[in-house]
Amino acid sequence: MTETHAYHCGFVAIVGRPNVGKSTLMNHLIGQKISITSKKAQTTRHRVTGIHTDDNAQFVFVDTPGFQTYHKGALNETLNKSVKDSLANVDCVLFLLEAMRFTAADREVMALLPKRTPVILVVNKLDKAKDKAALDAFIQTVKAEFPFASSEVVSAKHGQRLAELLEQVRPYLPESMPLYPEDMVTDKSERFLAAEIVREKLFRYLGEELPYEMNVEVEQFEMDGALRRIYIAVLVDKENQKAIVIGRGGEKLKKISTEARPDMEKLFDGKVFLEVWVKVKSGWADDVRFLREFGLD
Ligand code: GDP
Ligand code: K
Ligand code: MG
């Protein structure tokens, strides 16, 4: 008797309160060497961020709209509904917790978990939990509060037990042809990823000094043969914030772009020329108004 192996493909949402390790998990699940080989293949009802493809299945990991804005405060009613709807439409949900920590914020996210879609409890930061018995007890406590389909303990940062996690998800992926090319790992554009890298460095080097209202904008992204020329503006509200981002003698901004460039080269698999500067938003807005008065835009 010959057996034919059907291909499977499905959507997997990664949810959890801020800092449980969702982004770290996503990065490790889709592989260390991220090289974008194709742009958006098709639009779906989901916000796709990471794709893992193997011989038998394609796992499409999605950000859930609503969770992005979660850090700004408690989820409001409308957001709750949109989160619930999007979670009901995936094939599997990964609910992330940090080992030995189960907070009010975790419970708020938990309250939005779907009842009909399988939810896997993923206890992350295994490396931080030294006491095995305490960890088991912790998992039992959490499991008592929601009918999880299964659970897995991982360390996203150290890439521990991620293969086991994929095996837990696999049975929930429906039979389907792959939706994306096999070498595609993300549907985010290079422009978007370039801005994210600069944002990450700003967070790292400004810390507490980080201006609350700050935007990172790619003003220009052009190919010059194989060289990518990327011009990025950091938009802040006030002059004094501009000084903070630039740093004494320009050291902060220099460090930010010096570190962002090699990250981009690795990600895009090619040489990058990068220029990052800081602009005060109000001045910029005034420029637009000025242009409008003269009918130039
Ligand atoms: P997100 O807000 O849920 O996307 O969380 P991040 O992925 O940004 O991670 C938040 C912090 O947790 C970062 O400092 C990560 O390095 C750290 N982190 C993520 N996974 C692990 C892990 O397995 N072990 C440890 N010790 N730290 C982790
Ligand atoms: K974070
Ligand atoms: Mg994140």
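Leaving aside neighbours within four places in sequence, K188 is in contact with T49 and L193. This lysine sits in the loop that runs between helix 5 and helix 6 (190–206). The model is a predicted one, and in it K188 counts as partly exposed because 18 other C-beta atoms lie within 10 Å, where a buried residue would need 20 or more. Another residue, V236, is 48 residues away from K188 along the chain, and the C-alpha atoms of the two are separated by 25 Å.

Of the 297 residues, 28% are buried. When contacts between residues at least 6 apart in sequence are considered, 73% of them join residues at least 24 apart.

The interior comes next. In soluble globular proteins, nonpolar side chains tend to be buried together. Here, the largest nonpolar core holds 41 residues, and the members that touch the most others are V12, A13, V93 and L96. Two or more residues each are given to this core by several elements, among them strand 1 (8–15), strand 3 (57–63), strand 4 (92–98) and helix 5 (162–169).

Not counting residues up to four places away in sequence, V12 touches F59, V60, F61 and V62, along with V90, D91, C92, L94 and V169.

Strand 3 is mostly covered, with 7 of its 7 residues buried. On one side of this strand lie A57, F59, F61 and D63, and on the other Q58, V60 and V62; all are buried, so that both faces are covered. Strand 3 pairs with strand 1 in the parallel sense, over 6 bridges. Within this arrangement, G10 stands opposite F59 of strand 3.

Finally, the ligand. Ligand 1 is surrounded by 16 residues, of which G21, K22, S23, T24 and K157 are the closest. The element that gives the most to this shell is helix 1 (residues 22–29), with 3 residues. Sorted by class, the shell has 8 polar, 5 charged and 3 nonpolar residues.

Terms used: Residues are numbered from 1 along each chain as its sequence is written. Chains are lettered from A and ligands numbered from 1 in the order in which they are written. This is a predicted model: local features need pLDDT of at least 70, side-chain atom pairs count only at pLDDT 80 or more; totals for chains, interfaces and linings use all residues. A residue is near a molecule or strand if its C-beta atom, placed from the backbone, lies within 6 Å of it. Helices (H or I, at least four residues) and strands (E, at least two) are DSSP runs, numbered from the N terminus. Ala, Val, Leu, Ile, Met, Phe, Trp, Tyr, Cys and Pro count as nonpolar, Asp, Glu, Lys and Arg as charged, and the others, Gly among them, as polar. A nonpolar core is a set of buried Ala, Val, Leu, Ile, Met, Phe, Trp, Tyr and Cys residues joined through C-beta atoms within 7 Å. A residue is buried if 20 or more other C-beta atoms lie within 10 Å of its own, exposed if 12 or fewer, and partly exposed in between; C-beta atoms are placed from the backbone. Two residues are in contact if their C-beta atoms, placed from the backbone, lie within 7 Å. Two strands pair if DSSP finds at least two bridges between them.
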